[in-house]
Amino acid sequence: MRVTNLMMSNNALYNLQKQEQRLNNLDQQYTTQKKISSPSEDPIIATRALKLNTTYSEVSQYVDKNIPDALAWMSMTQSALDNTQSMLSGIYEKCVQGNTDGLSDTDRRAIATTLAEYKDQIYQEGTSSYSGRFLFTGFKTDTNLVFTEDTNEKYTISEGISLDSVRSYSTVVNQTSAIDEDVQAVPVRVDYNRLRVGYDKLDYEYAPVIETVNYDDEGNEVRDTLLSVTNSFETYDDFIEAIESGTIATDGVLNTDVVAYIADRGEFALGDEANITLKAALDGSNFDGVPQTVEVTYQKNSFEENQLRPEHYFTCTRVVDEGLDTEKTYKYTKKEEEIKYLVNYNQQMTVNTQAKDCYTHNMGRDIGELVDIVNNAIAAEETMKELEKNYQALTEGTEEYEKAKQIYDNSVVEYELKTKIMQEAFAENETRFQDYAVVFSNQATDVGSREQRIELIKTRLENQQADVEQLQSDNIDVDLSEIIVRYTSAIDVYNAALSATSKSIVDTLLNYL
């Protein structure tokens, strides 16, 4: 076969171009330290890189964003729960202190003041937030747990009750006054059962309903009246007057069928028969052993600062700007509102704790009632001392003296009764606030266990993230020492090719003619 100079030149140029291409590829790998610059160079490496990049992005989303956010949320929750538990321990200590004889007027006032401060601060802990989102309000993270100011918004509330809402209560009737001029009946202690709802100062004009809630075979809600209100009282004083007059009680004992609605106290005083009926529904003893859902529907037209917002706890209807052109109605349904974070592939974790499971109405109302009971004992003592001065200033043996002395004796009976009720209330609340503290301890433990699980997930994902990074590097990154050797070798080969080519195509046939 005849080989011409043109053939040699073409072959030489072709080989040089191949060497230049190889040198260019190596130069690009050397400068970028990546095996390829475009998918067409090696589709397998490119495809694997895309899959690894996707995996790395997902893992990084969990490790760098979702998990830290979840842990921060839970850490703030843990702190609020711990602080509240500490305050409940403080209330317990005050109850122990109050349940002792020999407390002075100053001691009682100090206890009442401290308890009132605890009540406000406990619910303030429930308003804790993280990144502008309230921690304990479920999905309504933009709505505070409590009212931040007094408001006249109207709520119609359907509150589910439990056996813990049905308790006994003690009061004193035939109370004395420092301005009494005539001898009244001797003060008497009255014990009665009552159903207490979440709020006081309810709408007296609205007729509350106590009913059971069930569902038929088709899933339709069925409501049946459980108890009917027999008497309604706007104030607690009206209720006490009805007992004193014998309207609803005999010898200081409520009539058996009485269901007395006391609007300003937010409670229903129950006679024995009504109390048995209610408890039977709640524990299921009269319903084939199946506990019933019992709801009380009532209306409240105003709320004070730091009171819990009903929409976080109950099914309710809220009316804003009633009677104005700007009137709006909102409806809320009670349901579980667990905020879940995706912390791993197909793995979600609940990060929030709901206020209804810890920051309950009973807690605040128990503190408020305890403060009222202490203040009643303080007032009884002050009245007793004032009446003592009154009768001692009179001449012994006179009719005025005897009358004043009898009024004073009645005030002593009242003071002793109220002091006894106060000590019993402190004793009952010792156990009660221990139970509340246990609730918060359990919630804090639950949060802590979820934190530990997330920490374990985070550790596993961090290891996975490191493995994916290594796979990415192995797939796309070049070995720098190897590429330097190959690049240097390619330069030498290219230079040698240039030298050989220059010599082979210099001489032609014309040089010998």
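Reply: Two strands count as paired here if DSSP finds at least two bridges between them. Helices (H or I, at least four residues) and strands (E, at least two) are DSSP runs, numbered from the N terminus. Keep in mind that the model is predicted, so local features need pLDDT of at least 70 and side-chain atom pairs pLDDT 80 or more, while totals for chains, interfaces and linings use all residues. Residues are numbered from 1 along each chain as its sequence is written, and side-chain values use heavy atoms, without hydrogens or water.

Let's start with one pair. Strand S3, residues 154-161, runs antiparallel to strand S14, residues 315-320, and five bridges join the two. Tyrosine 155, for instance, has arginine 318 in S14 as its bridge partner.

Now zoom out to the sheet around that pair. Six strands make up an open sheet with antiparallel pairing, and reading across you get S7-S6-S13-S3-S14-S15. At the edges stand S7 (221-227) and S15 (328-332); each has a single partner strand, so one side of each lacks a neighbour in the sheet. From one strand to the next, the twist averages 25 degrees. There's a helix on this sheet too: H5, residues 272-283, packs there and touches S3, S7 and S13 (293-300). The direction of H5 makes about 150 degrees with that of S7 (axes are lines fitted to C-alpha atoms, for helices over the stretch in contact, and angles run from 0 to 180 degrees between N-to-C directions).

With a relative accessibility of 2%, threonine 353 counts as buried (under 20% relative accessible area; exposed is over 50%, partly exposed in between, with a 1.4 Å probe and protein chains only). Leaving out residues up to four places away in sequence, threonine 353 touches Thr77, Leu135, Phe136, Cys358, Gln443, Val447 and Arg450, where contact means heavy atoms within 4.5 Å. Threonine 353 and glutamate 455 sit 102 residues apart in sequence, with 18 Å between their C-alpha atoms.

As for the whole chain, you're looking at eight helices and 17 strands. Its C-alpha trace spans about 165 × 55 × 50 Å along the principal axes. Of the 513 residues, 43% are buried. Take the contacts between residues at least 6 apart in sequence: 75% of them join residues at least 24 apart.
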